[in-house]
Amino acid sequence: MSDRTPHTPGFHPVVETQSSNRTVAREGVRGNGGEIHQRSEDGQWMTTAQGAPVSDNQNTLRAGGRGPSLLEDFAMREKIFHFDHERIPERVVHARGYGVHGYFETTSALSDVTAAHLFQEVGRRVPAFVRFSTVAGNKGSMDLARDVRGFAVKLYTEEGNWDIVGNNIPVFFIQDAMKFPDLVHAVKEAPDRAFPQAQSAHDNFWDFISLMPEAMHMVMWQMSDRAIPRSFRFMEGFGVHSFRFVNAEGKGTFVKFHWKPKQGLQSVLWDEAVKINGADPDFHRRDMWTAIENGDYPEWDLAVQLFDDEFANRFAFDILDPTKIIPEEEVPLQVVGRLVLDRNVDNFFAETEQVAFCTQNIVPGVDFTNDPLLQGRNFSYLDTQLKRLGSPNFTHIPVNAPRCPMHHFQQDGQMQTRGPSGRANYEPNSWASGGPRADPASGHRSFPEEIGGEKRKVRSESFADHYSQARQFYISQTEIEQRHIAQALVFELSKVETPEIRVRLVGHLPHIDETLASRVAEGLGLDAVPAAHEPAVVPDTGLPPSDALSILKNGPASFKGRKLGILMTEGIDDDLLEALTTAFTNEGAMVERIAPHVGGITTGQGKRILAHHKIDGAPSVLFDAVAILSNDAGTVQLEEMHPAHCFVADAVAHAKFIAYTPEADSLFLTADPSSDGGMFALTTGDDVDAFLTACRGLRFWDRLS
Ligand code: HDD
């Protein structure tokens, strides 16, 4: 169609492009409304959704230049009609999310424990789609809310889609799915005032939680830095529940799934999170998009914990209780595969918004357990997909469609695109071309678990210990992380307006740790630590700490994939800037330049260097480490700029590693850079190495102690 002549002489229509428009369109032509039309390079002509060429995308058909619009303008009517129907219901939880394509590859065969095709031999590779999310916030909420992160993985295996719909925290708030609506109602905005959004720091949430001792283990994780990850790339994922692998002989083995980021673990400080939300509410999605566009593909190991009935019976907690972990020290992790994310979506709505994860999507060789939360989830997800996507045919949408052959007799329904062909649409039938038949040998078979017991609404007593593992998590943290948990609790409870709720919550903490309880009580201004609530069972205070539970003990080993921000001013030394940039780029880091103007600076050697950001829009919270390169004149200029002061003061307060030219010394109002082990004076390029080596660690925590 590209050789078609324009329908209106002298008038070039705006062209709808399918590419990501990285190049700017050429040639501007004035339309008859004065608007400027630019032809894109792909030369396509606009049509309606029915394929009819459109002659004018600016003016409705009307009777006379100043007359009424005519209903027969089918192009206008169709355009507005479609626009009016663009939204579908957002997810009731996990509404804000970001999806990425990739692949999963088996690195260690598991054919002895599972019949899953994927795990039969090393090197089997299947496409994957992963959606990361926050839980409580609405679709347009900010990325750095204190919240659990969803980590939902869809594996398009040769035997169907297998969804591991997990979180970045290995336990959950509640033990029974029946309470999920209450939990979600409590954490989301109150129904009368519709706030607070995307946060748990309010009365309803803590009212509910303080009445639910089973939530205390999860609350420790949620108040830890796990709930403010630096990026999706630096967090773990967990399948949470115990599942079952079933091998070809029908033997079952319990399994828990862990995604371990090769990038290491990293979180931000709460003060950073708050400021990032203002500076860049899309911080996490931008981070993922940019990393992948740069070819820096994030990767996770899939590790499994495998255990049998004998272990399940002797383990101190019930393996069906989703508020408990099995410490890695008790059942070691076995790495069996890797997940690599290497492709951004082409269209956010078609893929990320419409992807439909369902916990009940499993494949032969994988089975459920009786975890009451998992069983309830298996009911819930299909309903949600029907509500959101409007048709039982949501599996026809490409992101949801299996990549293996499908044969069944399901037919019709809204938006059906591939009904069965031929006469047979039922089974059994006696037609020669009678369609598919169930296959008892290779079809999915449930583990033949014997089930018995009285029909009762009841919770097993084996689920009754609510504090022991909360304590184990807390004592596994470094002193800095423990302090953060106390500070988070104080912050959240200080937002609670009802004093009784605050006191009720603190009444759980003595069972977890006395020091934590008194720190929080003190932070809230309580006269004393309230009396501890009567526990359902006496907690076991003897559980040993587990290093795997700490972020700081599992941080990144390099600065790869992290971001350096260089604040630069006019006339700085070219060689120094070059040396810094080269060293960090060679490390695999992202380097972004910030200047008083986005137009950049001219170096002392006369080279024009563009900036990525104007200082006002790029506070230091957006970077993992910062460098301040200025000469005397530049320092005077920065001293007059409030954002520059905040840039430096925040980098100091957030324990960041900081490099600086000696001339920038006077910008440090809250610290003495010459005596701070996390600050590095840069005079020549030779000084860069020590700074880079330090940056490979997470932060210079000594500054805060
Ligand atoms: Fe859920 C979405 C994870 C308990 C009901 N859940 C959803 C998503 C994740 C999780 C990651 C987003 C999927 C996506 O990106 O599209 N949910 C969990 C975990 C849970 C959990 C790890 C506990 C271990 N969920 C849970 C319960 C119920 C639900 C107990 C209901 C009884 N979850 C849903 C849902 C959602 C959902 C309402 C909303 C959007 C969707 O399913 O597709 O059905």
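In this predicted model, 18 residues of domain 1 are in contact with 17 residues of domain 2. Domain 1 covers residues 74–400, and domain 2 covers residues 561–704. The centres of domain 1 and domain 2, taken over C-alpha atoms, lie 37 Å apart.

The buried area was computed next. Together, domain 1 and domain 2 bury about 1300 Å² between them. Carbon and sulfur atoms account for 56% of that area. On the domain 1 side, three residues stand out: Gln 266, Leu 269 and Glu 272. They supply 35% of the area that domain 1 buries against domain 2.

Glu 272 forms a salt bridge with Lys 656. The closest N and O atoms of Lys 656 and Glu 272 are 2.7 Å apart.

Two helices contribute to the side of domain 1 that touches domain 2. Helix 5 spans residues 270–279, and helix 6 spans residues 283–293. Each supplies at least two residues of this side. Helix 5 gives the most, with 5 residues. By class, the side of domain 1 that touches domain 2 holds 7 nonpolar, 4 polar and 7 charged residues.

Technical notes
Residues are numbered from 1 along each chain as its sequence is written. This is a predicted model: local features need pLDDT of at least 70, side-chain atom pairs count only at pLDDT 80 or more; totals for chains, interfaces and linings use all residues. Side-chain values use heavy atoms; hydrogens and water are left out. Domain bounds come from an automatic or database domain assignment. Contact means heavy atoms within 4.5 Å. Buried area is the accessible area (1.4 Å probe) that two parts lose on being put together, summed over both. A salt bridge is a side-chain nitrogen of Lys or Arg within 4 Å of a carboxyl oxygen of Asp or Glu. Helices (H or I, at least four residues) and strands (E, at least two) are DSSP runs, numbered from the N terminus. Ala, Val, Leu, Ile, Met, Phe, Trp, Tyr, Cys and Pro count as nonpolar, Asp, Glu, Lys and Arg as charged, and the others, Gly among them, as polar.
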